[in-house]
Structure formats: C-alpha cells, structure tokens
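Please open the structure in your viewer and keep the selection tool at hand. The stops below follow one another, and each says what to select and what is there.

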Amino acid sequence: MTHRERAILALTGGTPDYVPTFELVFFLTQEVFGTDYFHPADLEGTQGSERERMLRHNAGVYLSIAQEYDHSIIMVTMAQGPEDIAATARYIREMGDDDYLIVAHGDATYSIPSGGRMLEFTYRLYDRPEEMHEEAAARVSDAIERGKYLIDAGLDGFALCADYCFNLGPFLPPPKFSEFVTPYLHRLIAAYRDLGAYVIKHTDGNIMPIIDDLVACEPHALHSLDPMAGVDIGEVKAKYGDRVCLIGNVDCSLLQTGTREEMTASAEYALAQGKPGGGYIFSTSNCAFAGMPVESYQLIHDIWRRERQYR
C-alpha cells in the first residue's frame with residue numbers, strides 16, 4: 001500500500017497492512033536534518049522566484065520528515081495563506097510522487113480564548129449570545145470558502161485545530177459547548193466532507209465531557225486523546241472505535257521528562273489499545289515539539305515499527 005492509501009483506509013475505519021503514523025507538526029528538523037522551515041514571518045514581503053524557492057524548500061523538509069519516519073500524512077503549516085498552502089502541496093506532490101495524504105489547518109469554531117480575551121469572550125457569550133452565534137456562523141462560512149479553494153487546488157483534507165479543553169475539562173460548560181460550538185463544528189465538517197475532504201478533529205485536554213458532541217459531528221478522526229488529561233485510548237476505542245478513527249495517545253510529557261521505560265509503556269499501550277480492528281493512526285498526544293529529545297521520538301518510532309503490523 002502507499003502511505004496515502006494506508007492513511008485513507010485508517011481514517012475511514014479500515015485495517016491497512018500496518019498502522020499509519022504522522023505528526024501534526026515536527027519541529028525537530030534542525031536536530032535531525034540540519035535545516036529548518038521558512039516560517040510565515042520569513043515569507044513576509046517575498047514574491048516571485050524567491051517565494052517559490054522558500055516554499056519548495058519547505059516542501060522538501062516535509063518530505064524529508066515523512067520519508068525518515070514513514071509518516072503517511074503531511075500537514076502543511078508554514079504558510080501565510082491558502083495560496084502558499086496550495087503551492088506547497090503542489091511541490092510536495094511533484095517531489096513525492098503523490099504518495100502522501102496532504103492536509104492543512106481548517107478550523108473556524110470557537111476555542112479557548114487567550115488570557116487577555118477570556119473575560120471579554122465570557123461576557124459576550126452570556127450578554128450578547130445572538131451576536132456570538134452570528135460571528136460563529138460567519139467564521140464557518142469563510143472557512144468553507146477557503147476550503148473549496150484548497151480542495152480544488154489539490155489538498156486532501158483538514159486538521160481542525162481549535163483547542164476546546166484544559167486538563168480538567170472543556171473551556172465551556174457542556175451545555176454551552178453544545179450551543180455555541182457543536183452546531184458550527186458539525187456544519188464545518190459536513191461541508192468539508194461534501195467537498196471530498198478528510199477531516200481530523202484535534203483538541204488537547206480532557207475531552208470526555210464533550211466527546212459525544214465531537215463524535216456526533218462525524219469527523220473522520222479524533223486527535224490527540226490526551227493522556228496528560230486522563231483520556232484513556234482504551235476507553236475511547238471501546239465506546240467510539242466503530243464510529244471514528246483514533247489518532248495519538250503517546251504521552252508528550254514523558255517524551256520530555258520520562259524514563260525510557262515510561263516512554264516505552266506509553267507507546268506500547270497506545271498501539272495495543274488503538275490498533276485492534278483498524279481505524280487507528282499512531283502519533284504523540286500533541287506534536288514533535290521543539291526541545292523534545294530526538295532520542296525520545298526515535299524510541300517510540302522504533303516501537304511503532306516493531307508493533308505496527310496487522311496479523
């Protein structure tokens with residue numbers, strides 16, 4: 001199977017030849033490859049052949065990561081807008097023989113506000129709910145139009161990266177979440193799926209109080225199944241594994257500060273619980289963040305290689 005075929009089969013609940021893997025973002029490029037991405041700020045003010053050179057460089061970095069670690073999905077993050085995303089995806093396909101599923105950010109729903117906006121957001125939610133509903137609907141409409149452009153340009157799907165939860169639970173009480181987030185998430189996912197896109201819903205934190213809402217919105221997959229917030233992939237698999245693909249659950253905090261034994265146990269548990277019956281993609285519980293020891297990521301990658309086969 002190609003990486004692309006493997007990812008699609010897992011995202012649609014099937015059992016590929018082996019468990020696919022990927023990361024939302026891989027920030028260890030300097031340590032592994034001796035180079036880095038051009039970030040959005042680097043692209044500021046560039047155009048023409050220089051901008052193309054920078055985006056082609058990023059495409060090469062994404063491919064190097066995917067080839068080194070057998071990732072089946074590539075997420076384009078280093079871009080200033082949809083045109084950059086489309087161009088980067090095109091360059092990846094040119095260089096990588098269309099072997100990977102390519103996605104980008106695509107969320108528009110309300111998420112945890114920054115500390116400076118928390119009070120304002122809360123007051124508006126309770127004092128001006130109609131205004132908040134109008135804004136939520138407009139945000140989703142704009143995202144759908146952007147999505148149409150990107151799917152027409154060759155993108156395969158979207159990772160919806162609005163974070164909803166802290167370690168103790170969602171940022172909104174579940175009834176308010178069901179009112180102000182769920183209908184708009186459902187509309188956004190339905191529109192993306194109608195475009196033929198694959199949809200991964202990401203949120204860190206304890207999703208269990210709102211997981212019924214998330215699954216009912218029918219994304220292809222849930223990421224990251226955060227063990228630091230007490231989310232048990234075995235419990236989620238038992239309850240929802242026949243309705244949604246699961247991605248993640250290897251404890252990121254252990255990859256920073258844990259022992260080799262703790263990291264091994266986390267990776268083995270994620271595979272043992274997520275793998276049966278298909279519909280599972282292996283990854284960390286967030287991303288390969290800057291400062292994570294490369295040796296830690298290599299360790300869980302080696303465990304994945306050893307345990308990935310379906311028999």
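Begin with the largest nonpolar core, which has 89 residues; select Leu155, Tyr164 and Phe282, the residues with the most contacts inside it. A nonpolar core here is a set of buried Ala, Val, Leu, Ile, Met, Phe, Trp, Tyr and Cys residues joined through side-chain atoms within 4.5 Å, and buried means under 20% relative accessible area, with exposed over 50% and partly exposed in between, for a 1.4 Å probe and protein chains only. Helix H4, residues 48–69, gives the most to this core, with 9 residues. Helices (H or I, at least four residues) and strands (E, at least two) are DSSP runs, numbered from the N terminus. Apart from this core lies another one, of 19 residues, including Leu101, Ala159, Ile247 and Ile281.

Before going on, note that this is a predicted model, in which local features need pLDDT of at least 70 and side-chain atom pairs count only at pLDDT 80 or more, while totals for chains, interfaces and linings use all residues. Residues are numbered from 1 along each chain as its sequence is written, and side-chain values use heavy atoms, with hydrogens and water left out.

Now centre on Leu155 and ask which residues it is in contact with, leaving aside its neighbours within four places in sequence. They are Ile85, Ala89, Arg93, Ile102, Val103, Ala104 and Leu150, where contact means heavy atoms within 4.5 Å.

**The sheet**

Colour the strands next, and you can follow an open sheet of 7 strands in the order S1-S2-S3-S6-S7-S8-S9, with parallel pairing; two strands pair if DSSP finds at least two bridges between them. S1 and strand S9 (280–281) stand at the edges, each with a single partner strand, so one side of each is left without a neighbour in the sheet.

The chain crosses from S1 through H5 to S2 in a right-handed β-α-β crossover, a term used if, with the strands pointing away from the viewer, the path from the first strand over the helix to the second runs clockwise. In strand S2 (residues 101–105), 4 of the 5 residues are buried, so this strand is largely enclosed by the rest of the structure.

The parallel pairing of S2 and S3 has 3 bridges, and His105 stands opposite Ala159 in S3. From S3, 4 bridges lead on to strand S6 (residues 198–202), which runs parallel to it, and there the bridge partner of Ala159 is Ile200.

Select Thr77 as well, in the loop between strand S1 (73–76) and helix H5 (82–96). Is Thr77 buried or exposed? At 18% relative accessibility, Thr77 counts as buried, and, not counting residues up to four places away in sequence, Thr77 touches Leu24, Val25, Tyr62 and His105.

**Rings and charges**

Phe26 and Tyr69 form a tilted pair, at 5.2 Å centre to centre and 40 degrees between the planes. Phe26 lies in the loop between helix H1 (3–11) and helix H2 (29–33) and Tyr69 in helix H4, so the pair ties together parts that are 43 residues apart in sequence. Both Phe26 and Tyr69 are buried.

Move to Phe158 and Tyr192, a stacked pair at 4.2 Å centre to centre with 25 degrees between the planes. Phe158 in strand S3 (residues 157–160) and Tyr192 in helix H9 (residues 182–194) are 34 residues apart, and the pair links these distant parts of the chain.

Stay here and select Gly147 in helix H7 (residues 129–152), which touches Phe158, Tyr192 and Leu195, not counting residues up to four places away in sequence. Gly147 is buried, with a relative accessible area of 0%.

Finish at Lys275, whose charged end sits over the ring of Tyr310, 5.6 Å from its centre; this applies if NZ of Lys or CZ of Arg is within 6 Å of the ring centre and within 35 degrees of the ring normal. Arg308 likewise lies over the face of Trp304, at 4.7 Å from the ring centre.

Note on methods: Phe/Tyr/Trp six-rings, centres within 6.5 Å; stacked < 30°, edge-to-face > 60°.
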